Structures are given as C-alpha cells and as structure tokens.
Amino acid sequence: MRDRRLLVLAALAVAIVAFGVYGVMAAPGAVVASPRSTPTGEPRPGQKLTLSDPAAATPTPTPTPTPQDGPAQAGARYLTAWQAGDLAAMADLVADPPADFADRHRRFDADLRASLSSLTPGELHRESEAAELSFTGVREVAGLGRWPFTSVLRLVMRADTWKVLWSPETMHPALKDGGRLVLKETEVRRPATLTREGLPFPRDSRAGDYFTGLGDTVLDVKLEEEGSGRVLMASSPRPPSGRKTTISQPVQAAAARALDGVGQPAAIVAMDIRTGQVRAVADGLGGREAFNGLYPPGSTFKVVTAAALLHNGLTPESQVACPAGYTIPNGRSFTDSDGVDHGTVSLTTAFALSCNTTFAQQAYERLRDDRLRAEAADRFGFREKQGLSYCRIRSYEGPDQLGSDAIGQNSVQASPLCMAEVAAAVASGVWRPAITTAEPPADSPSPVPLGDEVASGLRTMMGAVVGRGTAAGAGLPPDTAGKTGTAEVEGGEDHAWFIGYRGSLAFAVFVRHGGAGGTVAAPIAARFLNAL
C-alpha cells in the first residue's frame, strides 16, 4: 500500500514539472535559447554532437559594417587605379571629372612618349572635409629614361564620400595654370669620321669624296616647359666616337667657305708644312681630282723651274732679260701677258712678274740635257710614285717643248695636291709626300732636301710675288708667299692657280677654266687665309 502511494506521488511530480515547462514555452514573448547561442559553439556538458545536430554546423559570423573610407584610403585607391592604367576607375574616384579626362591622360603620355612605372603615396594633410595627399611617381620617357616627379592629390568630401579634386597639375605640377610640356628633338651630327680635333667636319665641307660618314646624325631629345624653356630632362651628351683624320676643323671650314660663290669648279688643298699631313681638302671638281686630277699648272710650275736654275748657277739676284717676247733659236716664240718689255731685271723680279720670256730663255740656255725634268722628278715628286698626289713631266723632244715645259705647259701636269707639295717643299726646305695618316705609309717616298740656298732663294722669290708681283693686289695677309699661275687650255678658258704658304700651312687653289690666277685664284686664297 505504501509503495503504491510513492508511485502516485512520483507521477504527480513529473506531471507538475511537465506542465510547468509547457507553460513557460507557451507563454507569450518567451525567449528560447538555441543550441547555436552557445558563445563558443561547443556542446553543452553531457551533450553528444552528431552531423544532424544543429550544434555541429559551422558558426556564421555576424557581418561587421565597413567603416567609411578616409582621404588616405581614397587617395591610395586613385593612385592604384592610375598605376594600373584604369582610367574609368580613376574617373569614378574624381569629383566632377572633365569630359575629356581620359583623353587628357592619353594625350599627355602620347605627346611625351611617356609611360607610368610607379606611384608612391606620401604624407596626408587634412582639414575638416578637405585633404591633400602628396605623392611621387616615375615615368619612363622614350629616348630619355626615368623621369621622377612629385605632385599632390587634393581630396574633398562629397555626399559622405572622399573624392579626388582633379586638375591638370595632378598629372604634373608644370601643367598648372595652363602650362605645357613639350618634347623637342634636334638632329645632331655624330659622324663616323672626325677631324683631328675629334670634331665633326664642317657642314658642306666639300670633302665627302675623301672621307665617309661625314653626314651621320643622331637625335638629341629634350623635355622642357613651353614658354620658359626650362629643361626638365635631356639626353646625355654623346661625344663623337668616330675615326679621327688629319683634317683640321677650322682649316677645312675656311677652305670650304672660300669656295662658296665661285662660279667654276674649284678646289683648295692645304697641308702641314712640317709633317705633310693634309689639313684640308675642299673639292668642287668631283672624282677626287683635288688629289689625282691632272692639269697643266701654268706659271706655278716656275717654282720648280726656278729651283733648277738655282741649282744650275743662278741666284735670286742674277740679272736676266724680261722682254715682251722671246723666240727660241729656230723655234717658237713666247710672250708675256702684260706685253711689256721690262728689260734686264733680277731673277726674283722676273719671277714676281711671271715673265714667260725669261723662263723660256733661261731653260733653253741652262736646263737642256733633261735637267728640268730631273729637277721636277727627283726633288718635287713629278714621277710615277706611291702616294696621294699625281703629277708628271716627260723628257722634252726639242727646245720648243723644253721652253713650254718651263712655264708649266706641254707635258707638265699636276693635281692641286701635288702643287701644294711643291709650296710646302719651299717652306720647309724638304719635299715630302702629303699624307692623311699619322705617319707616312711604309711604301711612302722618302723626303728630299732642296738644299738650303735653293730653298732660301725660292722663299725670297715667292715672297716677292705677293709683295710686289702678280698677287700684290689680291688681299693676301702679311707673311704670305706664293706663286700665281694661268694655264692655257686648248679650246677652253684658262685654268686659274695660286699656290703658297703661310705659317704652318702650304696650300694650292685651283679653278678649272677660271681665268687668270692673279685675279681669280689668289683672291680665293686670300679669303681662305684671312678666315683662319
């Protein structure tokens, strides 16, 4: 009986508890704790989790609201989009971008041949709803290399969002207030062949037939501000790296400009008296004829004839006849261009006046037995030889030919360079071949001394030509010595010549079919020398 009462009481207790739980669950507004609300997501004590148990599921984090971007973050996003070349994204980050925003960026890069390689944000300065973010960048400019720059992003708050307040100077500070940057290219000569000073040949040097690569050029590039001309970048100076020659830049320039305006084909060659190195070759004849063309030298050859006469008994003071005309016994007649009988004069005066009659007569009387040809060939290079110059004389076949050879006609032929060698031999006292190298080639002819007395006498005579002879009115500078020449040409106008020396230079001027040497070639020589 007692056991039965205990069972009834137990059942009643269970029922009461069950009813209480039901009431709590059913009460309005009751909060029910879910197994998911366990803060750690771990099972309650004594609970066993299975794959079907809600407590075993992966917890879902509560979303955290994204804070509003500050100016630093907005500026960084703009720089990131800029460096990526995303112009659309950049425009979205700009407050009121201009309609040509993207085009301006493209034009800037295209006009300056620039490409952006890096952008780095710097310090931020903020005042309420405005801020400035400094930044540095590097562009690569074709032909110039790295171009660092510094600028500023100005930012403002618009509709609770930070935006870039864009202006042209955002791209580069030089664009402020309508400024422009321009890329300038200048063609600069960087020739393969240089003068002895390591400089380019002068423009229009007239030496292109002799040296290659004179017109080679490269581009010098400058990036500068338009208006002010301030240079922001420039290509590095590149010294010429070509092959040096013996040509002197100022001498070549003077020679080339002396021929400007000359109506007939002409040439000037100049060489160093001591070394024989060619210092200038301005050739308007074509075909390298300043070196290897063969022309009658006319009265300039009287230098060689005078040397032969000095070697055969005469002196500069020797008295000789200078008549208006002279006839070789049983032979041809010779006349002087001025048609004047000067009577008896010194050999120096006859040379200064360029008396054909004197030299024809003296050659006939003193230089037979091939002495004139031997003098020309043995002491002045008028023979077949290695070297740059060409000149020649044949053995005469009678007195008429000898007389004609003596005044630079008949068989005598020479290039301008050959006659420059003649002038240099007088100046130095030694004939030597002209060269365009630092040292004479191994097969170069050996130098030939003229003899002190002969060289001294020739200097006196060539000085008289300029001082009181046929070149006296040509405007030649002081201390110039030389010889004029007017070479007769069958069926054409005479060739004009002037050879001489001054200071360290010997030279020859030749004008093909130019006329009289004293009135045509000598003034050209004066322009050349006065320009040095």
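Student: Which exposed residues sit on the face of α4 turned away from its buried side?
Tutor: That face carries A110 and D111. Exposed means over 50% relative accessible area, buried under 20%, and partly exposed in between (1.4 Å probe, protein chains only). This is a predicted model, where local features need pLDDT of at least 70, side-chain atom pairs count only at pLDDT 80 or more, and totals for chains, interfaces and linings use all residues. Residues are numbered from 1 along each chain as its sequence is written, and side-chain values use heavy atoms, with hydrogens and water left out.

Student: And which residues of α4 are buried?
Tutor: F101, H105 and F108 are the buried residues of α4, which covers residues 101-111. Down the helix axis they fall within an arc of 65°, so they line one face of α4. The arc is taken from the directions between the helix axis and the C-beta atoms. Helices (H or I, at least four residues) and strands (E, at least two) are DSSP runs, numbered from the N terminus.

Student: Why would residues three or four places apart point the same way?
Tutor: An α-helix has 3.6 residues a turn, so residues at that spacing point the same way.

Student: What covers the buried residues of α4?
Tutor: The cover includes the helices α2 (71-83) and α3 (87-92). It also includes the strands β2 (130-141), β3 (145-158) and β5 (181-189). Contact means heavy atoms within 4.5 Å.

Student: What follows α4?
Tutor: R113 follows α4, and its phi is positive, near 50°. Strand β1 takes up residues 114-127 and is joined to β2 by 11 bridges, the two running antiparallel. A114 has V141 of β2 as its bridge partner. β1 and β2 make a hairpin with two residues between them, and S128 in the turn has a positive phi of about 55°.

Student: In what order do the four strands of the open sheet come?
Tutor: The order is β1-β2-β3-β4, with antiparallel pairing. Two strands pair if DSSP finds at least two bridges between them. β1 and β4 (161-164) are at the edges with a single partner strand each, so one side of each has no neighbour in the sheet. Neighbouring strands are turned by 25° against each other on average, direction ignored.

Student: How many bridges join β3 to β4?
Tutor: Four, and these strands are antiparallel. R158 stands opposite T161 in β4.

Student: Which strands does α2 lie across?
Tutor: α2 lies across β1, β2, β3 and β4, at about 175° to β1. Axes are lines fitted to C-alpha atoms, for helices over the stretch in contact, and angles run from 0 to 180 degrees between N-to-C directions.

Student: Changing topic. How many residues are in the largest nonpolar core?
Tutor: It has 102 residues, and those with the most contacts inside it are V281, F382, L476, F498 and F528. Helix α12 (residues 416-428) gives the largest share of this core, 10 residues. A second, separate core of 34 residues includes F101, L112, A114 and L144. A nonpolar core is a set of buried Ala, Val, Leu, Ile, Met, Phe, Trp, Tyr and Cys residues joined through side-chain atoms within 4.5 Å.

Student: What is F528 in contact with?
Tutor: Leaving aside neighbours within four places in sequence, F528 is in contact with V251, A254, A255, A258, I268, A270, L505 and F507.

Student: How many helices and strands does the chain come to?
Tutor: The chain comes to 14 helices and 22 strands. Of its 532 residues, 44% count as buried.
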